[in-house]
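Colleague: I am new to reading models of this kind. Please take me through this one, a question at a time.

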Number of protein chains: 2
Amino acid sequence: MQPSTYHLLALFVSPEQQALRFPLTMLLIFGTAKLFANVCEAFGQPGLVGEIIAGVILGPSVLNWVQANDVLTALAQLGVMFLLFRVGLEVKASDLMRVGRTAFLVAVAGVLLPFLVGWACMQAMGASHIEAIFVGAALVATSVGITAQVLAAKGLLHQVASQIILAAAVIDDVLGLLVLALVSSMAEGKVKIGALATTAAVAGGFTLLVAKYGTSTLQHVMPKVERKLTVAERQFHLALFLLFGLSLLATYVGVAAIVGAFLAGMALSETVEQRVHDLTHGIGELLVPFFLAGIGLHLDLSVFTNRHTLTMTAIILVAAILSKFAGCALGSWRLGPTDMLRVGVGMIPRGEVGMVVAQIGMSLGVVDKPVYAAVVFMAVGTTLIAPPLLNYAYRSCVREAPEIIPASTS
Amino acid sequence: MQPSTYHLLALFVSPEQQALRFPLTMLLIFGTAKLFANVCEAFGQPGLVGEIIAGVILGPSVLNWVQANDVLTALAQLGVMFLLFRVGLEVKASDLMRVGRTAFLVAVAGVLLPFLVGWACMQAMGASHIEAIFVGAALVATSVGITAQVLAAKGLLHQVASQIILAAAVIDDVLGLLVLALVSSMAEGKVKIGALATTAAVAGGFTLLVAKYGTSTLQHVMPKVERKLTVAERQFHLALFLLFGLSLLATYVGVAAIVGAFLAGMALSETVEQRVHDLTHGIGELLVPFFLAGIGLHLDLSVFTNRHTLTMTAIILVAAILSKFAGCALGSWRLGPTDMLRVGVGMIPRGEVGMVVAQIGMSLGVVDKPVYAAVVFMAVGTTLIAPPLLNYAYRSCVREAPEIIPASTS
């Protein structure tokens, strides 16, 4: 790995170190992720678990060969945006609206219970009131990317439970925004009810409007715009334009960019040709591993040196899994035990959302470093545990062909 | 564009400013590039000229809304890698080897003449000897991305002239590496012939070996490896692995990453299924606009305030165009006037390679800021002028269907 002369020469030829480091980073992350995906599948586990583990191994916890930086963060963010966009393309808005009521119950119960349990656990362990509240808030928001990827890969997006998970995750994101705004203003000592209500109205209104009228608007507008354009692949360009546009709007109103990406995909699902699915799929294949490995990169096991931190982490992890599972299963009790299990399990992953909450808490000086580390471990842990549980919960389903059907295979 | 409250709220929810800026940058660059591509096509010009102009307009020269940064540079680099990879997939190595001798003549004449003319012009304008040599070196290397994109989009990659352009551009890159190494060591006052010879042997050897034996090796190895893997789209993953691997190796031996990307595509061209073409195409559609707009972003017209700089820039631009055209046309004289015109015109774009040379010259303290600005203008200018000239040079060709045939269109 050190052909010193050529290494130096190459560095000299293109002045930025970047020139050499960039293809190396791409190769390392992509190659390792896909290698471990294959290993996991050989053991009957979902491949994406291997891709997250690849990040853990390349990151500070084990080899420390790759550190998170602006470029990797951007690729990961693009990756999860395309993941949700791709899932949105497979989902009809009308189907999601139909399960709206149950999804709302799932989302609300899946926010309240983890918040209360997280808060109670931290109080019991002697944390300050405000720190306990932050940990509660960090347990709130489901990260839908992992579950969506598992369901899409197995062709299970059209199951009722899957649609409830997707709809609940979107509502969950709006609720999570409110919880975070509430908690942050509490930490700063001034809770403005009026501002919170406006936030709720704008974020909720945006989401609901796009979900409800997006599809019909695009069915009307897309063909007209397309007729005015001449370049090849114009439908795909319009789709990407909508993806970035709605992601940006979502960020403006306060919800996650990936919610905008999902809404964009869903709004397009009844308009675009198979070609758009194929091209989107290609981008996802390149970028999603960077999102998955990126989750693992955040983990730093070296923090867990003392017993207290280990115990606290274990408690937070178990609290996160059980409270979300119980809350979401409870919210979907009308569907019977099979679907309760599926919904409960599918909502478990917290991913990067919980990390962001804990980060804010740390920047406000109310969350300690060990607590932050515990929350990060919880986020990665819930992400790793959900896919095998989903495998189990959906075991009775006939395994259909994958949603995203190859356009041409020989 | 300034919904201040929500803007601030969104910034607060995710602590990095990045959260908001990233989808905005993606939307701005991608949207503007595709808008201008459509405008250019409406005027009968190649769309990619519009995408470069979009970068000029968004960049420091006009609106200054977007500045080059690590993330955009990485996306641009990935973009041009996928561009060359995609072109490589359409080209058979055996076809390229067949035109190798002519391509070699084209490359050598197309390196010598621009170097001499650039050096002579600068000397005539009173520049120092070493500065003149650096400008000469900056005029040497053809940037094949632009020409390749035009030819691929029009389905002209299988014309003899096109294949000579591709082969000559690869050889050109190896020669450019040598010129740069020579010139840089001259600036530092110590020319090591032995080291240069080694560089030449390693870079040339790598390129030739991969071009000659890549295809047959992969035809043998790919099916065996594929049989051992289980995940979906494994052929595509292997292709990407090879792309990053050969790009990295290319960087190690001193040639550009995009040469590695092109060689990877070419080595795979007789092995992979149409599915790999489609998925690669999707990634290219997303990323190539960032490469094209990125060229425009580098331009800063505000430097051109005085008459001397303007005159010098004009001279360098004209010298760059005419010397490359003459050299390459001369190198392909055996093919007759039509193909001489095509080859000469197709080799004109310099793109970012010239900028890198001038940057190194500046960092060594032998190239002035105005001269650097002139070289950047030359790089962008040659890139903008080549596509319409290519349109003209290939006008007599039957316009076949595009190389990259949509898998399913209605």
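Modeller: A term is needed at the start: a residue is buried if 20 or more other C-beta atoms lie within 10 Å of its own, exposed if 12 or fewer, and partly exposed in between, with C-beta atoms placed from the backbone. This is a predicted model, in which local features need pLDDT of at least 70 and side-chain atom pairs count only at pLDDT 80 or more, while totals for chains, interfaces and linings use all residues. Residues are numbered from 1 along each chain as its sequence is written, and chains are lettered from A and ligands numbered from 1 in the order in which they are written.

Colleague: Is B:Gln45 buried, exposed or partly exposed?

Modeller: B:Gln45 sits in the loop between α2 (18-42) and α3 (47-58) of chain B; helices here are DSSP runs (H or I, at least four residues; strands are E, at least two), numbered from the N terminus. Around B:Gln45 there are 16 other C-beta atoms within 10 Å, so the residue is partly exposed.

Colleague: Which residues does B:Gln45 touch, not counting those up to four places away in sequence?

Modeller: Two residues are in contact if their C-beta atoms, placed from the backbone, lie within 7 Å. Not counting residues up to four places away in sequence, B:Gln45 touches B:Cys40, B:Pro387 and B:Pro388.

Colleague: What is the mean pLDDT of chain A?

Modeller: pLDDT is the predictor's confidence in each residue, from 0 to 100. In chain A, 92% of residues reach 70 or more, and the mean is 86.

Colleague: How are α16(B) and α17(B) oriented to each other?

Modeller: Helix α16 (residues 351-363) and helix α17 (residues 369-393) of chain B have axes 8 Å apart and pack at about 175°. Axes are lines fitted to C-alpha atoms, for helices over the stretch in contact, and angles run from 0 to 180 degrees between N-to-C directions. Angles under 35 degrees count as roughly parallel, over 145 as roughly antiparallel, 65 to 115 as roughly perpendicular and the rest as oblique. The two helices are therefore roughly antiparallel.

Colleague: How many residues of α8(A) are buried?

Modeller: Helix α8 of chain A covers residues 144-153 and is mostly covered. Among its buried residues are A:Val144, A:Ile146 and A:Leu151.
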